[in-house]
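Have the viewer open as you read.

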Amino acid sequence: MTELTHAIEHFHFIRPAWLLSLIPFALLFYFQVNRVDMLQQWRAHVAPHLLQHLIVQGSQRRLYSPIGLMLFVAIPLAIALAGPSWKQKPSPFATDRASLIVAIDLSQSMAQSDVQPSRLMRVKQKVGDLLEQRGDAYTALIAYAGTAHTVIPLCNDRNVIGHYLDALDIGSLPREGKRPENVFKLIDGLVSHTDVPTTLLLITDGMTENSLPAFKHYFENSQHRLLVWGIGKTQQTLNDEAVEGISSSIIPLQNAQLEALADTANGYYQPLTTDKNDIEKILRKINNAFALSEEESRPWQESGYVLIWPMLMIFLLWFRKGWTLQW
């Protein structure tokens, strides 16, 4: 979409009621132009041969007259007061309010070493790289297994978040299991102070059968957005390795289930890659979500101020000698 197309599509008036002020201007212009005899009020008091010498000759039907130029002032004045706008201001508060919540799976399956050195260690490396690329943007960290716990609330210091990230370990939570749906109450508490949509980045290798309806219900009734980052090798990859003689007892990544989980929440699923391609895609999705939230929160920029200068230039004529006597 070009800039011109975007401007046309989003053009509107912030205070459209001010356009109604054109009605009294139009009525005044109409009655002023159609006055039949401007001298009628003086004929009863001044002799006709003297009256012609006591007035300033002028025609209300000429464009170059006070009443004619009044149109060039009234119309842009009404438009300026109505507040024409077609673009939004950058909000200094949107960056502070938009946030990312990273939920990391600490169940036993994340200790598997199909991804070297282990799934959890690879998650720490990936999240560390993601934090570096995001800079000091607000990020919270949640760890879950059978229960979910806030590791660090929203924080804009990636070094502090990195310290807590390094401390995560398998078996550190009180209950074993894999219940990602337990993070919802924590999310609501973490972002209860803002109405800006938040992005949940769920990093895991699987889910349970209860997760799908829980995620569907939550995101149908929430303004937040879901990104799912799958960690581990798929069954197809493990089968290919078995053909090559590399056998293992690894529990495969539930690739199809996690993709369905993202779809049911109208989210996005990204499997792990050996390079930084997955980080770039995740980061792009986070930034897109931030742009949408910023779009909703930014105020419209008023553009009627530019009309003030031509109006002031026309008003200078009212300082011209004899100008007001031509009404």
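## Ground rules

This is a predicted model, so local features need pLDDT of at least 70 and side-chain atom pairs count only at pLDDT 80 or more, while totals for chains, interfaces and linings use all residues. Residues are numbered from 1 along each chain as its sequence is written, and side-chain values use heavy atoms, with hydrogens and water left out.

## Aromatic pairs

A pair of aromatic rings is described by the distance of the centres and the angle of the planes. Here, rings of Phe, Tyr and Trp (its six-membered ring) pair if their centres lie within 6.5 Å; planes under 30 degrees apart are stacked, over 60 edge-to-face, and the rest tilted. The structure holds seven such pairs. Take Phe11 and Phe13: the centres are 5.3 Å apart and the planes sit at 80°, so this pair is edge-to-face. Phe11 is partly exposed at 41% relative accessible area, and Phe13, at 25%, is partly exposed as well. (Buried means under 20% relative accessible area, exposed over 50%, partly exposed in between, with a 1.4 Å probe and protein chains only.)

Phe184 and Tyr218, on the other hand, are stacked, at 4.1 Å centre to centre with 0° between the planes. Phe184 lies in helix H9 (residues 184-190) and Tyr218 in helix H10 (residues 211-220), so the pair ties together parts 34 residues apart in sequence. Helices are DSSP runs (H or I, at least four residues), numbered from the N terminus.

## A charge over a ring

Lys285 lies over the face of Tyr268, 4.6 Å from the ring centre. The test asks for NZ of Lys or CZ of Arg within 6 Å of the ring centre and within 35 degrees of the ring normal.

## Around Ala74

Where does Ala74 lie? Its place is in helix H5 (residues 66-82), and at 2% relative accessibility Ala74 counts as buried.

Leaving aside neighbours within four places in sequence, Ala74 is in contact (heavy atoms within 4.5 Å) with Leu22 and Phe25.

## One more leucine

Leu27 sits in helix H2 (residues 22-33). At 47% relative accessibility, Leu27 is partly exposed.

Key. Helices (H or I, at least four residues) and strands (E, at least two) are DSSP runs, numbered from the N terminus.
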